[in-house]
Amino acid sequence: MNVRDSEVVKGLLLAEGYEMTDDPKKADILLFNTCSVRQHAEDKVWSEIGRLGRGKRKTIGLLGCMAQNYKKEAFSRSPGVDIVCGPSEIDNIALYLEEALKKQEKVLAVRERPRAEEIYHAGFYEKKDHAYIVVSEGCDNFCSYCVVPYVRGRLRHRPADAIVREARAAVDAGISRITLLGQNVSAYGADGAENGVCGFPELLEKVSKIKGLKSLSFITSHPKDTKKELFEAMRDIPVVRKYLHMPAQSGSDRVLAMMNRGYTAKIYRELVDLYRSIVYNGELSSDFIVGFPTESEEDFRATYELAKDVRFDSAFIFKYSARPHTKAAQLADDVPQATKKRRHAELLELQKNISQSLKKHAKTA
Ligand code: SF4
């Protein structure tokens, strides 16, 4: 989602006559489009602002989730920052830059409002043949460790015809691969077909009919909302890539309940079996968090066993860090760093071996 937001900001600024440079030293303006999902990512941004902001005076903007998370506090936290602009305000980025440049004023733009539909038509894609297209914004799931519902707001869907229109315009402009984006695409339309929204499998069908489109992917699918109909659409629509990113996060039912994920390890395993029985040779990837508060060795073993049994093609494995506003942040972060590190390394090693063996097998098959 952040990658797409960066593209949108670039598109809007290029249209206003700004030029891009790959060399931060040469830049007069530095914009940091940020993610708040992990503490480590935030720490890196603060340190990069300090490092790159040194020397010649530059106008510095903090955009995205960290802006929404820290609001006014960002100015005191990093005095070099001139603009603090949340994800819902990026449509006005050119205006905020002008204010900061001309009036030499600090600009705070963190209203919580639905994004303007024009954001989605900024007409700028980083790659010549690939486009990210947003299908929904925000999230209502409130997983106990996750800051997204607090910084990106409640779940809202774009109308299907607006998504198809954007996809068609992209394909007409030479794009042949599209990835549909949402924090949880499986929830698209699940709350009733209002305001031009349909079910996600139906949306895939609609977009797939665009002439010239060669590949259609989507991320992310929350296990609790992912149904057989999606797998059938993946099987039946030739242009849809047979790749499912369905984060398990943990293999322990106790931890999953504390995470407020809405499924058990058994339900997750059954869903994987269903996927594999319908989508022949479909790829599967997951996210895992190790060291969630109170995670015992037994809980971790359950996660390890899940990863070992399911044999994901790939997995993103993270060490837990408390995020502001979240429920989990009220719990003691009581798994020692050394234990988190060891569990992280163990799971990573397991996944590396599985990924390599699956690749080898695919080559010889
Ligand atoms: S589904 Fe959970 S982890 Fe994903 S964005 Fe929503 S709250 Fe965060």
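**Entry 1: H8 against H9**

I started with helix H8 (residues 200-208) and helix H9 (residues 228-236), whose axes come within 8 Å and cross at roughly 20°. Angles under 35 degrees count as roughly parallel, so H8 is roughly parallel to H9. I noted that H8 passes H9 in a right-handed crossing. This is a predicted model, and I read every value here as computed from it.

Next I listed the contact. From H8 I found Phe 200, Pro 201, Leu 204 and Glu 205. From H9 I found Glu 229, Leu 230 and Ala 233. I sorted the residues of this contact into five nonpolar, no polar and two charged.

**Entry 2: H9 against H11**

I then followed H9 to its packing with H11. Their axes are 9 Å apart, and the angle is about 25°. That makes H9 roughly parallel to H11. The crossing of H9 past H11 is right-handed.

Which residues make the contact of H9 with H11? On H9 I wrote down Lys 228, Phe 231, Glu 232 and Arg 235. On H11 I wrote down Leu 274, Tyr 275 and Ile 278. By class, the contact holds four nonpolar residues, no polar ones and three charged.

**Entry 3: the core**

I looked up the largest nonpolar core and found 87 residues in it. Leu 62, Cys 85 and Ile 178 have the most contacts inside this core. Helix H11 (residues 265-278) gives the most to the core, with five residues.

I picked Ile 178 and asked what it touches, leaving out residues up to four places away in sequence. My list has Ala 131, Ile 133, Ala 167 and Ala 170.

**Entry 4: Ser 286**

Last, I turned to Ser 286, which sits in strand S11 (residues 283-290). Is Ser 286 buried or exposed? I counted 23 other C-beta atoms within 10 Å of Ser 286. The cut-off for buried is 20 or more, so Ser 286 is buried.

I also checked its distance to Leu 244. Ser 286 and Leu 244 are 42 residues apart in sequence, yet 8.6 Å apart in space, C-alpha to C-alpha.

Technical notes
Residues numbered from 1 in each chain as written. Predicted model: local features only at pLDDT ≥ 70, side-chain atom pairs only at ≥ 80, totals over all residues. Core = buried A, V, L, I, M, F, W, Y, C linked by C-beta atoms within 7 Å. Buried ≥ 20, exposed ≤ 12 C-beta atoms within 10 Å, placed from the backbone. Helix = DSSP H or I, 4+ residues; strand = E, 2+ residues; numbered from the N terminus. Contact = placed C-beta atoms within 7 Å. Axes fitted to C-alpha atoms, helices over the stretch in contact; angles between N-to-C directions. Parallel < 35°, antiparallel > 145°, perpendicular 65-115°, else oblique. Left-handed = near helix turned anticlockwise from the far one by under 90°. Nonpolar A, V, L, I, M, F, W, Y, C, P; charged D, E, K, R; others polar.
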